[in-house]
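Biologist: I'd like to learn how to read the rings and the packing in a model like this one. Could we start with charges over rings?

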Amino acid sequence: MILIIGATGHLGGHVARQLLAQGHTVRAMTREPTRAHSLRAAGAEVVRGDLRDPDSLRAAMRGVLAVVSASHAMLGAGRNASSRVDDEGQRALIDAAKDAGGAHFVYTSVLGASATHPVDFWRTKERIERYLIASGLAYTIIRPAAFMEVHAYELIGKAVLAGKAAVLFGPGTNPKNFVAAADVAALVVLTIEDERFRDATVEIGGPENLSSRQVVAVFERMTGIPARVVHLPLPVLRAVSRVARPIHPGVSRILQAAIVGETTDQRFDPAPLLARIPLKLTRLEDWARANVAH
């Protein structure tokens with residue numbers, strides 16, 4: 001039995017379906033089981049659970065040989081704040097796995113996780129990596145780049161395809177890496193099945209580094225119409241982030257991440273990964289043409 005936390009999310013859903021397709025038994029944990037009809041229909045056992053509820057985690061762990069943690073609350077606030085989910089909740093999940101007898105724990109971190117990162121979400125991810133390593137569990141840490149489904153399509157491309165103005169943070173000229181959730185899921189499945197990836201950290205990104213302006217151009221090619229683009233200056237983002245922090249720390253965090261994304265090196269070279277693992281990484285335009293109606 002493989003337990004997936006966040007099974008109705010972008011990554012968790014792909015992991016669940018790929019594991020089921022390969023004949024694995026899957027338990028999908030979600031806060032909202034009503035959103036998991038397709039997973040249940042595909043053969044998954046669906047259970048209600050919450051990283052903020054240790055009892056639900058202990059119940060979900062029964063009979064589990066591997067755990068995939070694919071849930072986060074980067075944009076969360078209040079009871080769903082990142083500190084409660086991404087820090088306290090992940091620690092509780094690791095503790096529950098250890099108490100249940102030591103399942104292989106696959107943790108989805110983030111590319112660039114560091115104790116000195118300017119955004120707290122990346123620092124939290126690094127702390128949980130260290131907590132997992134110290135737990136004594138067999139582990140695999142996956143560090144993916146930004147998911148193209150969210151950061152390229154939802155935040156930029158969706159507006160272009162709808163004929164609306166695409167809002168870019170800053171000048172939109174800094175190259176960033178975007179990875180398809182299905183590609184990350186393929187890596188997760190491989191790390192579960194291949195013991196070479198026990199007690200290892202694996203970084204994954206897409207095959208190309210694109211600026212936000214280049215992302216706009218990808219979706220312009222799909223519509224054949226020049227897009228309207230609005231730029232939010234970085235000083236404005238910094239000011240809004242400061243004001244938002246006490247009101248909604250999740251929004252403040254997203255704006256901070258946008259500033260970092262436009263002012264630091266966000267590129268990723270997949271060559272070392274592909275030298276070890278024969279993955280086929282998806283280009284943004286190929287993903288968009290296959291998954292988005294236009």
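Modeller: A charge sits over a ring if NZ of Lys or CZ of Arg is within 6 Å of the ring centre and within 35 degrees of the ring normal. Here, Arg 91 lies over the face of Tyr 131, 4.8 Å from the ring centre. This is a predicted model, where local features need pLDDT of at least 70 and side-chain atom pairs pLDDT 80 or more, while totals for chains, interfaces and linings use all residues. Residues are numbered from 1 along each chain as its sequence is written, and side-chain values use heavy atoms, without hydrogens and water.

Biologist: How many aromatic pairs does a search of the whole structure find?

Modeller: Rings of Phe, Tyr and Trp (its six-membered ring) pair if their centres lie within 6.5 Å; planes under 30 degrees apart are stacked, over 60 edge-to-face, the rest tilted. The search finds three pairs. Phe 121 and Trp 122 are edge-to-face, with 5.7 Å between centres and 80 degrees between planes. Ring pairs also link Tyr 153, Phe 219 and Trp 287 into a cluster.

Biologist: Is Phe 121 buried or exposed?

Modeller: Buried means under 20% relative accessible area, exposed over 50%, partly exposed in between (1.4 Å probe, protein chains only). Phe 121 counts as buried because its relative accessibility is 5%; Trp 122, at 14%, counts as buried too.

Biologist: Which residues touch the most other members of the largest nonpolar core?

Modeller: A nonpolar core is a set of buried Ala, Val, Leu, Ile, Met, Phe, Trp, Tyr and Cys residues joined through side-chain atoms within 4.5 Å. The largest has 36 residues, and Val 68 and Ile 204 touch the most other members.
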